[in-house]
There are 4 protein chains.
Amino acid sequence: MIYKRSVNYYETDGMRIVHHSNYIRYLEEARCAFLKQIGLPYDKIEEMGFMIPVLEVNCKYKMPAKFGTVMNIEVKIKQFDGIKLTIGYIVTEEKTNNRIVQAETKHCFTNQNMKPISLKKENREIYETLLKYQEQVEK
Amino acid sequence: MIYKRSVNYYETDGMRIVHHSNYIRYLEEARCAFLKQIGLPYDKIEEMGFMIPVLEVNCKYKMPAKFGTVMNIEVKIKQFDGIKLTIGYIVTEEKTNNRIVQAETKHCFTNQNMKPISLKKENREIYETLLKYQEQVEK
Amino acid sequence: MIYKRSVNYYETDGMRIVHHSNYIRYLEEARCAFLKQIGLPYDKIEEMGFMIPVLEVNCKYKMPAKFGTVMNIEVKIKQFDGIKLTIGYIVTEEKTNNRIVQAETKHCFTNQNMKPISLKKENREIYETLLKYQEQVEK
Amino acid sequence: MIYKRSVNYYETDGMRIVHHSNYIRYLEEARCAFLKQIGLPYDKIEEMGFMIPVLEVNCKYKMPAKFGTVMNIEVKIKQFDGIKLTIGYIVTEEKTNNRIVQAETKHCFTNQNMKPISLKKENREIYETLLKYQEQVEK
């Protein structure tokens, strides 16, 4: 899935480029758009009593983006075993197709008290949807 | 009360000055520090079942601040009648004493379902503490 | 002009609603989209050597927005005299048409050294474009 | 070096914990405080014509922090060869000494046009200061 997003002025810093912390937010936007597209909007997941906290972020900055730069963010499930979920992202500049950022986030699933749960046991529907999209990546 | 704060790099924008939206956040920091100082830390207020949402912000930008600028933020209760609360702020540069921002925020008090409440009826202790500090301003 | 925008997760706070400082950023987004639409994209304005700092923000919060809320932000030039510019905003929830925020920002025009300038003298084209859109509001 | 910082309300999200992107900003604050302490404040580095962009961020989230949590951020130079710089961070909760975040950022040095430079050639003073602090880590 490709999530399209352009850079806002308030997201640039004193170097006149996007502050590196903001890409972590763009990744979240792309992740939420992806979940929505596969039928699992994050607000619905929260309503069902689950949360998907971030366990780890790895982000490589290849090229700076500026105010107004249009970015395409590709989102993919890289790994999912019912307990942990790894999502991969490639952020490119639409105009040149040059890579801006390459990243990965790792997640678990918890109940509302932030206790980790097994999705396989707790919610078969979410489990199978995520599994389906992971399988498609592997093929 | 004076709240002291220096500007972080990620708070500057492409003009190399603090992005104007960040002062709204500095005001919140100063407000929380003030509430703590008068014995009403905001987390305790939330634990007691109350919230103090912002109804209005008025902010005048007098002089830009840069990365590293040390600011003094003066916080005062300007008005309080048990229902609405008006807080005033003056942000100055520590080095020159020049005025950076002059602002005002208006608030009400609500329960956890965001229904407005009368503090006079619901919590006499918070009510009287706020009143005391407002009175000191008036004299 | 109407600028459409939905709320990101990272823009909500501990009350599970959009943090009030973020609306100031949404206003900037809407303002930039408006300037682009009338043929004055902000990056071009900066390239021509001008900046449009914010002198004042007034923002009234009518109703909280949540993660996923789709907002329509109406942007209008309320006043422009070649020196100062006042822009008005009405943020509504798309689904209900209820008002979320009502706001106003005041601006001046400066050169790259942040010295205020008269747009009428310095750049007739920008001056007349802004005037044209202000006139349309007045009629 | 230990950089102390407490969590602001606007840094929490709908889960009532610090949004994961904000730690990336705390790391920057800690890094700037560290550079200042070793005699290389970042604004001075920029004035000398150098920038230290972030090439990579790796961040592991161990435990959530909440509004008001006081954090101690330990900062260390893990590696420096004159071209690339790796900095390590451990964020702990002051009260319990529990680990909140463990992270690493990688940087290079550039001139004002964002061209990578060798610090050893371009600025012996900064080079040697960084080297000195790296050596201390190794011993």
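Let's start with a sheet. Ten strands line up in an open sheet in the order β1(B)-β3(B)-β4(B)-β5(B)-β2(B)-β2(C)-β5(C)-β4(C)-β3(C)-β1(C), and the pairing is antiparallel. At its edges sit β1 (2-6) of chain B and β1 (2-6) of chain C, each of which pairs on one side only. From neighbour to neighbour, the strands of this sheet are turned by 20° on average, if you ignore direction.

Before I go on, please keep in mind that this is a predicted model. The predictor gives the complex an ipTM of 0.93 and a pTM of 0.95. For chain A, the average pLDDT is 94, and 96% of the residues score at least 70.

Let me stay with chain C for a moment. Inside that chain, strand β2 (residues 54-61) pairs with strand β5 (residues 99-108) in the antiparallel sense, over 7 bridges. As a quick reminder, strands of a sheet pair through backbone hydrogen bonds, either parallel or antiparallel.

The helices of chains B and C come together as well. Helix α1 (residues 20-37) of chain B packs on helix α1 (residues 20-37) of chain C at an angle of about 170°, and their axes are 9 Å apart. So how do these two helices run relative to each other, roughly parallel or roughly antiparallel? Angles over 145 degrees count as roughly antiparallel, and α1(B) and α1(C) are therefore roughly antiparallel to each other. On the α1(B) side the contact is made by H20(B), S21(B), I24(B) and R25(B), and on the α1(C) side by H20(C), S21(C), I24(C) and R25(C). Sorted by class, the residues of this helix contact are 2 nonpolar, 4 polar and 2 charged.

Now over to chains A and D. Here too we have an open sheet of 10 strands with antiparallel pairing, in the order β1(A)-β3(A)-β4(A)-β5(A)-β2(A)-β2(D)-β5(D)-β4(D)-β3(D)-β1(D). Its edge strands are β1 (2-6) of chain A and β1 (2-6) of chain D, each pairing on one side only. The twist averages 20° from one strand to the next.

Within chain A, strand β4 (residues 84-93) and strand β5 (residues 99-108) form an antiparallel pair over 9 bridges. In that pair, Y89(A) stands opposite A103(A) in β5(A).

What about the join between the chains? There, 5 bridges link β2(A) to strand β2 (residues 54-61) of chain D, and the two strands run antiparallel. One spot to look at is C59(A), opposite V57(D) in β2(D).

Let's take the whole A-D interface. It brings 16 residues of chain A into contact with 16 residues of chain D. On the chain A side, α1 (20-37) and β2 (54-61) each supply at least two residues. Which element gives the most to that side? The answer is β2(A), with 8 residues. By class, the chain A side has 10 nonpolar, 3 polar and 3 charged residues.

One more interface, between chains B and A. This contact takes 9 residues from chain B and 9 residues from chain A. The side of chain B that touches chain A has 3 nonpolar, 4 polar and 2 charged residues.

Chain B can be laid on chain A by a turn of 180° and a shift of 0.0 Å along the axis, with an RMSD of 0.0 Å. The two copies are thus related as by a two-fold rotation axis. D13(B) has the C-alpha nearest the axis in chain B, 2.0 Å from it. Here again the same surface serves both copies, since 100% of the contact residues of chain B recur in chain A.

That's my tour, and I'm happy to go back to any part of it. Thanks, everyone!

How values were computed: Residues are numbered from 1 along each chain as its sequence is written. Chains are lettered from A and ligands numbered from 1 in the order in which they are written. This is a predicted model: local features need pLDDT of at least 70, side-chain atom pairs count only at pLDDT 80 or more; totals for chains, interfaces and linings use all residues. Two residues are in contact if their C-beta atoms, placed from the backbone, lie within 7 Å. Helices (H or I, at least four residues) and strands (E, at least two) are DSSP runs, numbered from the N terminus. Ala, Val, Leu, Ile, Met, Phe, Trp, Tyr, Cys and Pro count as nonpolar, Asp, Glu, Lys and Arg as charged, and the others, Gly among them, as polar. Two strands pair if DSSP finds at least two bridges between them. Axes are lines fitted to C-alpha atoms, for helices over the stretch in contact, and angles run from 0 to 180 degrees between N-to-C directions. Copies are superposed by least squares on the C-alpha atoms of residues with pLDDT of at least 70 in both. pLDDT is the predictor's confidence in each residue, from 0 to 100. Angles under 35 degrees count as roughly parallel, over 145 as roughly antiparallel, 65 to 115 as roughly perpendicular and the rest as oblique.
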